[in-house]
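Please look through the sequence and the structure below, and then read the numbered points that follow.

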Amino acid sequence: MKLLIYNFLIIILLFRPVTNGFAQNVDNLRTEREALYKEIESINNLISSKKKSRESAFEQINILNKEISTRERLIVNFKDEILFLENKIEINQAIINNLEIDINLRKNEYGKILMGFYRRRNSLDELVFFFSAGGFSEAYNRYRLVKEYSKFRKNQIQHLIENQIRLKSFLADVKSQMNEKEVALGSLENEFKRLNDSQNQKRKLLNELQKEEKWLISSLKERERKAKDLDNKILEIVKASKASVTATSTGGDFGKFLGKLIWPVTKGIVVSRFGEHEHPVLKNVLIKNNGIDIQTSGNEEVVSVHVGEVSRIISIPGYNNAVIIRHGNYLTVYANLREVGVKQGQNVKAGDLLGKVYKEVNDAGGILHFEIWNENQKLDPAKWLIQ
């Protein structure tokens, strides 16, 4: 009866949901971590390439904000892995404890069997057992009982051996998981130190820029003026071409690609998100972005995110050149280009080269301003790009 209870406990522990998905969950966390490490490496390359100036310091704060948020996600990633490992260790330890109890019980039971066998080791005992039966039927039943007893004894040995093998395997697993946990804890500690370094670097830049309040306010007003000019140009294009748009227009299926669009650059990080948010330096000041700003790293080529037709190529002071592509009722806007490789009226496919991002001399990359419109409604591009 005791053996049945302990076996039942082991089965419950083995089939708990956290056990089944453990390996997959840890693998997913480690895959995510590799992506985060690559993102941080790209961010660090961008920071190190920036020349020292007021404009550069402002850009670095945006980049550092991205690095800090990425490191915070990395820290959460390590914490989740440590939690998974702790849960697995706890479960395996409970299984080990029950296996040890089960093995000891089986050893005791088997010891009693051996003692009984030793007392009945003379083969005449079995003959007396059979011949003392009251009839053939009873003798046959006694024969079957001896056979079942022999089978039971062999099963006890087999179960004992199997549980000893399983115990050895679980002990090895726990040792391995405890080592993995120690490695993860060490990495977590290192990430906290790096996060602290990034936060200190950001504070230093903030202190420097807060002395430039007049310049920051002037820059903000200039940025708002440029954004307004780009808005007006786009609205003019929407108004002028609205009548000619049909359901069969090139790229008319754009609406089906929410969360599935390719990125307009191969390497980059979003340093300014869509909508209203706090100014990175000025207190109690909100800034508004009609799209997203992507800081490119290395390759500055810009591509179309979907099939469509080049609706207009315009020049906007502060945004340099901008390419606007129509996809049925939708428009995508690619601004701050130094070179343009397409012409108005040209049909493009997803991935076709549109131009190159404007960047300062010696900078590793520039900033692409990217917008998505549904007629005169501005949409959050981050929700449309594949993650």
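1. Is Arg-30 buried, partly exposed or exposed, and what is its relative accessible area? Arg-30 is partly exposed, with a relative accessible area of 29%, where buried means under 20%, exposed means over 50% and partly exposed lies in between, for a 1.4 Å probe and protein chains only.

2. This is a predicted model, in which local features need pLDDT of at least 70 and side-chain atom pairs count only at pLDDT 80 or more, while totals for chains, interfaces and linings use all residues. Residues are numbered from 1 along each chain as its sequence is written, and side-chain values use heavy atoms, with hydrogens and water left out.

3. Arg-30 forms a salt bridge (a side-chain nitrogen of Lys or Arg within 4 Å of a carboxyl oxygen of Asp or Glu) with Glu-81, and the closest N and O atoms are 2.6 Å apart. Because Arg-30 lies in helix H3 (residues 22-49) and Glu-81 in helix H4 (residues 54-119), the pair ties together parts that are 51 residues apart in sequence; helices here are DSSP runs of H or I with at least four residues, numbered from the N terminus.

4. Glu-180 also forms a salt bridge with Arg-30, with the closest N and O atoms 2.9 Å apart. Since Glu-180 lies in helix H6 (residues 136-209) and Arg-30 in helix H3, this pair ties together parts that are 150 residues apart in sequence.

5. Glu-81 forms a salt bridge with Arg-33 as well, at 2.0 Å between the closest N and O atoms. Glu-81 is buried, with a relative accessible area of 3%, and Arg-33 is buried at 10%.

How values were computed: Helices (H or I, at least four residues) and strands (E, at least two) are DSSP runs, numbered from the N terminus.
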